[in-house]
Amino acid sequence: KGTAVLRFLNHNAYATLNGALPMPAVNAQDGSGALDTSTYPNGVDMCCGTQTAGLAFAGSGRPTATEEYDGTSWSNGGNLITARLNISKGFGTQNAAVSAGGSTPSASAVTEEYNGTTWSSGGTMIYARRQAGGFGTQNAGAIAGGTQSIPTATTCTEEYDGSSWSTGGSMITARWNVTSAGAASQNAGLIIGGNPSGATQACTE
């Protein structure tokens, strides 16, 4: 059935395998296989990876936390360097992930890379933003949309080569708080839904 990709939509945990399947909202430490939601009052911000090697990071209550999923249970990973909320959708794998942007509380241009154990500083984004979409790999990724100040959305796209960001093609519709998909390449991603100037947007690009 293909590779299962972990996604977090609207602050809820989902495992996607040819369709979204909600994960139980209970404490991971009890062996149930669910994320430790007791320490994330409003959920986790971002994730990436697969159903058997997933990664979740940041979120309300634990803005530097990282947790790793092995297909059965969650365990603690290395902490983010910079505490942030509303990070742009993470991309990459459990052992080669990228977190970009977010709120500190102002819009951030910070990029960090995860090697499966620890986070390190990456290249600074061109355009500071939060709640953008992300897809691709650590060495060939992209983020699109987002906002510096709600409700003003942007169409800006940036591409990441593993060390620095460059300008990509602009989105057709400016929006923030989007959902995104595409784990294999920066050349094959989706930006879905979102909010342009405070209203919900249903379009996909």
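Thr 111 counts as buried because its relative accessibility is 3%, where buried means under 20% relative accessible area with a 1.4 Å probe and protein chains only. This is a predicted model, so to speak for local features pLDDT must be at least 70, while side-chain atom pairs count only at pLDDT 80 or more and totals for chains, interfaces and linings use all residues. Residues are numbered from 1 along each chain as its sequence is written, and side-chain values use heavy atoms, with hydrogens and water left out.

**Around Thr 111**
- The Thr 111 side chain gets to the backbone oxygen of Gly 123 at 2.7 Å.
- Thr 111 touches (heavy atoms within 4.5 Å) a set of residues including Val 98, Ser 121, Gly 123, Tyr 160 and Trp 165, leaving aside residues up to four places away in sequence.

**The sheet with S10**
- Thr 111 sits in strand S10, residues 111-114; strands here are DSSP runs (E, at least two residues), numbered from the N terminus.
- S10 belongs to an open sheet of 4 strands, ordered S8-S9-S10-S11 with antiparallel pairing; two strands pair if DSSP finds at least two bridges between them.
- At the edges are S8 (88-93) and S11 (119-121), each pairing on one side only.
- S9 (residues 96-100) pairs with S10 in the antiparallel sense over 4 bridges, and Val 98 stands opposite Glu 113 in S10.

**The sheet with Tyr 160 and Trp 165**
- Another open sheet of 4 strands runs in the order S12-S13-S16-S17, with antiparallel pairing.
- Its edge strands are S12 (133-137) and S17 (165-167).
- S16 (residues 157-160) and S17 pair over 3 bridges, and Trp 165 in S17 is the bridge partner of Tyr 160.

How values were computed. Buried < 20%, exposed > 50% of the residue type's maximum accessible area, 1.4 Å probe, protein only. Polar contact = N/O pair within 3.5 Å; in protein donor to acceptor, adjacent residues only side chain to side chain.
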